[in-house]
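Have a look at it first.

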Amino acid sequence: SNLTRERSKVRPRAGWMVMGKRGRPSALEVCRVLAVFFVLFPAASLQCKILKCNSEFWASTSNSGPEEEFCTALRAYNSCVRRTARTCRGDLTYHSAQHGIEDLMSQHNCSKEGPTSQPRARTPLPPPPPPVLTDSQERSDGPEVCHYERSLSRNTAAPNYTHCGFFGDPHLRTFGDDFQTCKVEGAWPLIHNKYLSVQVTNTPVVPGSFATATSKLTIIFKNFQECVEQKTYHAETDELPAAFADGSKNGGDRHGANTLRVVEKVPGQHVEIQARYIGTTIVVRQVGRYLTFAVRMPEEVVNSVEEGDNQDLYLCLHGCPANQRIDFRNFRARAAEAHSAGRTRSSTGSHGFTYQSAKAKCKERLPVEDLYFQSCVFDLLSSGDINFTMAAYYAFEDVKMLHSNSKRYHIFENDPLMSSAAQRGKDLLTVFLVNLLAVLLWSECSVFCT
């Protein structure tokens, strides 16, 4: 491969060591400490398995199927959640799952009584066979260096593909699966590495509001060896071309030109750009008056940063700057509070949606209350533009097509990746207490075991 391969280094987690002499505790004292520990920190001994239930259910329903199949999977999900009641009683995810199951059963008219089966991930359909090419097309595809996966040596591990999406108000899903809502008015770089650059321009949706959305998108594919010439793709509102800026639909006159091509899926609404020489697929859509962006890219290409290049504003890699982020959870909480108090005008501004009507509209396309659903509600409340419902829907459809891990399609507010700092603190506390108990038990054993 002509791409520089980097291996991530796994750093071992450091534990806590408790040193020094102290008086030996009595057996009663040790038991008291154990009892308090297991009451306050049940996850250290009996880990809550609710996330396993969640992932198994969503994996088993990732492909649309008959309603009976969905209800069967939902009953199995309910059984799994009920089995975790003892260890998950104080877990917010557990209680959210309970309410979610009730809502889904009601929406799909599922009976609580009926057949169940252990949820299991469905075997994904095999990829379609490659198209039959003419001799001239075979020659134009060029050498193996122009096919990312073919260029890898046989003893190299399969590439790890990552995904980034940008849609709506706008909402950003980074290559690291972090989900953010941003202001970022004006021009901002989404991607900038050795092989391509992507820049978006965001304009206000409603005058006087923080709500912005993407009205322009520019993608520059840089020269790459004997494969492709530099090509620029430019789209803006009501202009989603099926070709590069120079009118061509591939990478030029070089031998590997067809490893970069523009494919029009729906005229004026949906374009796919395939860059096989770097293993990358880009999806650009126009939904309403605004554009959405989604990409599937090998981790190696994601991290192929030019030395000395400033990457702080590479949004897909590092996320939006802190001063450009919007906490839409607080926005939603205020809207819900205003609704419960009967202040419907303050919960909608002048945009025509109440909190409940926005939820109902988003539920039509996004039945799972993940962050795509929450972003849809936020966009309807902040802008009143019903097209943002479809923007969130298509963003999630693109995730299902481009993300390499089906268990990571949905992201929830209490997802471990959304609260990694807090989780690390809990982990350190748990490790410390486990080490402390080990020392106490060892001290006690030295008395009774000798």
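The protein chain exposes about 24700 Å², and carbon and sulfur atoms supply 53% of that area. Accessible areas here come from the Shrake-Rupley method with a 1.4 Å probe, and for residues only the protein chains shown count as cover. Keep in mind that this is a predicted model, where local features need pLDDT of at least 70 and side-chain atom pairs count only at pLDDT 80 or more, while totals for chains, interfaces and linings use all residues. Residues are numbered from 1 along each chain as its sequence is written, and side-chain values use heavy atoms, leaving out hydrogens and water.

Of the 450 residues in the protein chain, 42% count as buried (under 20% relative accessible area; exposed is over 50%, and partly exposed is in between). The protein chain has 15 helices and 11 strands, which are DSSP runs numbered from the N terminus (H or I, at least four residues, for helices; E, at least two, for strands).

Now for some helix packing. Two packed helices are described by the angle between their axes and the distance between the axes. Helix 12 (residues 355–365) and helix 13 (residues 371–383) have axes that come within 9 Å and cross at roughly 130 degrees. That makes helix 12 oblique to helix 13 (under 35 degrees is roughly parallel, over 145 roughly antiparallel, 65 to 115 roughly perpendicular, and the rest oblique). Which residues of helix 12 and helix 13 meet? On the helix 12 side they include Tyr355, Ala358 and Cys362, and on the helix 13 side Phe373, Val377 and Leu381 are among them; contact means heavy atoms within 4.5 Å.

Follow helix 13 to its other partner here, helix 14 (residues 387–402): these two pack at an angle of about 160 degrees, with their axes 8 Å apart. So helix 13 is roughly antiparallel to helix 14. Among the residues making this contact are Tyr372, Ser375 and Asp379 of helix 13, along with Phe388, Ala392 and Phe396 of helix 14. Cys376 and Leu380 of helix 13 are in this contact too, and both also meet helix 12.

Last stop: Asn405, in the loop between helix 14 and helix 15 (420–448). The C-alpha atoms of Asn405 and Tyr161 are separated by 9.0 Å, although the two residues are 244 residues apart along the chain.

Terms used:
Axes are lines fitted to C-alpha atoms, for helices over the stretch in contact, and angles run from 0 to 180 degrees between N-to-C directions. Buried means under 20% relative accessible area, exposed over 50%, partly exposed in between (1.4 Å probe, protein chains only).
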